[in-house]
Amino acid sequence: MINLSAQYMGINLKNPIIVSSCSLSHSAEGVKRLADAGAGAVVLKSLFEEQILSDTYKLEVSSESVSHPEEIDYLRQMGMTQKSDEYLEMIEKAKEAVDIPVIASINCISDSSWTDYAKYIEAVGADGLELNIALMPKKHDETAQEIEEKIYRIIDIVKHNINIPIAVKLGPYFTSIPRVAARIRKSGASALVLFNRFYQPDIDIQTFEFQSKNRYSSPGEMSNTLRWIAILYKKIGCSLVANTGIHDGEAVIKQILAGASAVQICSTLYINGLSQIESILFDLQEWMRRNEYANLDEFRGLISQKNALQPEYFERQQYIRALVGVE
Ligand SMILES: Cc1cc2nc3c(=O)[nH]c(=O)nc-3n(C[C@H](O)[C@H](O)[C@H](O)COP(=O)(O)O)c2cc1C
């Protein structure tokens with residue numbers, strides 16, 4: 001009997017397939033569809049810090065997060081008001097509708113008063129909170145350390161406010177991912193999601209408009225995640241969840257072999273439909289059966305840097321290839 005159970009931020013999952021934050025999880029009905037399709041857990045569409053601040057303008061609006069009061073008006077015009085109440089309602093309804101973990105998600109850029117809102121997320125029953133900390137360095141005189149300190153401060157404050165577990169979803173652009181990962185763990189995060197995939201900007205030369213490009217990932221994008229899951233496995237003391245470019249069962253197996261506790265998927269569901277979850281689970285189980293694994297722990301991290309016969313392979317692949325004469 002094959003056991004697919006896994007964990008995300010210390011929460012037990014019936015299988016390792018987590019639907020990442022996206023429009024498919026933007027309503028309780030959407031969450032129910034994902035649960036019915038077999039997901040092990042669902043991360044809700046992110047609520048943006050600005051949406052919370054817009055609703056609670058009476059609370060102090062940090063000059064750091066919203067640089068101009070007009071921005072608040074703009075958000076109001078965009079209909080981004082009252083969203084924070086609706087978000088809490090959605091969590092409540094989703095929790096009633098499904099028996100898998102429901103993780104809330106906040107996209108944030110500062111440690112301003114939005115962090116109080118995390119208490120409400122906990123109060124309405126979310127199983128955990130994923131923070132998508134999306135800092136865009138814009139100042140020429142700000143150091144990497146100053147920027148990273150902002151990330152740790154956000155986690156510290158949110159952690160102080162709530163008791164449900166926190167995961168941090170990170171982008172891949174840091175000078176030292178191991179250092180940042182270890183420090184995030186120290187701030188109290190129970191899991192790291194590696195990596196967030198940023199909005200891909202483009203310009204339409206007919207309409208002269210700014211637009212987004214390549215909304216969905218391709219399978220070729222998962223290598224960087226594989227590298228860093230393999231390098232960080234068992235080195236920072238918290239679970240690692242793989243994200244970006246994971247489209248099929250083979251990709252899930254590779255990420256678990258590298259050391260992932262679970263995976264987050266999204267683009268493949270838009271491209272192939274929700275039945276892709278069952279297809280991934282089927283392929284995973286078939287592979288485990290062929291290789292005589294009864295559970296995920298038996299092969300998790302087998303091909304991580306920690307367990308590799310050639311640990312350098314993860315760092316200096318070109319060098320090793322050159323040594324053995326392979327192009
Ligand atoms: C339509 C769409 C909406 C998304 N919305 C969010 C969001 O609100 N919050 C977030 O953290 N990530 C969001 N993402 C990013 C995904 O959660 C995921 O990190 C990214 O797409 C990489 O995973 P994938 O390769 O499986 O698509 C969105 C992605 C898509 C395609």
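User: Which residue in β8 is the bridge partner of Leu 131?

Analyst: The bridge partner of Leu 131 in β8 is Val 168. The model is a predicted one, in which local features need pLDDT of at least 70 and side-chain atom pairs count only at pLDDT 80 or more, while totals for chains, interfaces and linings use all residues. Residues are numbered from 1 along each chain as its sequence is written, and side-chain values use heavy atoms, with hydrogens and water left out.

User: What makes β7 and β8 a strand pair?

Analyst: Two strands pair if DSSP finds at least two bridges between them. Strands here are DSSP runs of E with at least two residues, and helices are runs of H or I with at least four, both numbered from the N terminus. On the other flank of the question, β6 (residues 102–108) is joined to β7 by six bridges, again in parallel, and Ile 106 has Leu 131 as its bridge partner in β7.

User: Why is β7 described as largely enclosed?

Analyst: Buried means under 20% relative accessible area, exposed means over 50%, and partly exposed lies in between (1.4 Å probe, protein chains only). Six of the six residues of β7 (residues 128–133) are buried, so the strand is largely enclosed by the rest of the structure. Both faces are covered: Gly 128, Glu 130 and Asn 132 are buried on one side, and Leu 129, Leu 131 and Ile 133 on the other.

User: Why does Ile 147 count as buried?

Analyst: Its relative accessibility is 15%, and Ile 147 therefore counts as buried. Ile 147 lies in helix α6. Not counting residues up to four places away in sequence, Ile 147 touches Leu 135, Pro 137 and Glu 142, contact being heavy atoms within 4.5 Å.

User: What makes β7, α6 and β8 a right-handed unit?

Analyst: A crossover is right-handed if, with the strands pointing away from the viewer, the path from the first strand over the helix to the second runs clockwise. β7, α6 (residues 144–161) and β8 make a right-handed β-α-β unit. Right-handed units are also made by β6, α5 (residues 117–123) and β7, and by β8, α7 and β9.

User: Why are α6 and α7 called roughly parallel?

Analyst: Axes are lines fitted to C-alpha atoms, for helices over the stretch in contact, with angles from 0 to 180 degrees between N-to-C directions. The axes of α6 and α7 (residues 177–186) come within 9 Å and cross at roughly 25°. That makes α6 roughly parallel to α7, because angles under 35 degrees count as roughly parallel, over 145 as roughly antiparallel, 65 to 115 as roughly perpendicular and the rest as oblique. Gln 145, Glu 148, Glu 149, Ile 151, Tyr 152, Ile 155 and Asp 156 in α6 meet Arg 179, Val 180, Arg 183 and Ile 184 in α7.

User: Which strands does β9 pair with?

Analyst: β9 pairs with β8 in the parallel sense over four bridges, and with β12 (residues 239–243), also in the parallel sense, over four bridges. Ala 191 in β9 stands opposite Ala 167 and has Ser 239 as its bridge partner in β12. From β9 (residues 191–194), Ala 191 and Val 193 point one way and Leu 192 and Leu 194 the other, and all are buried.
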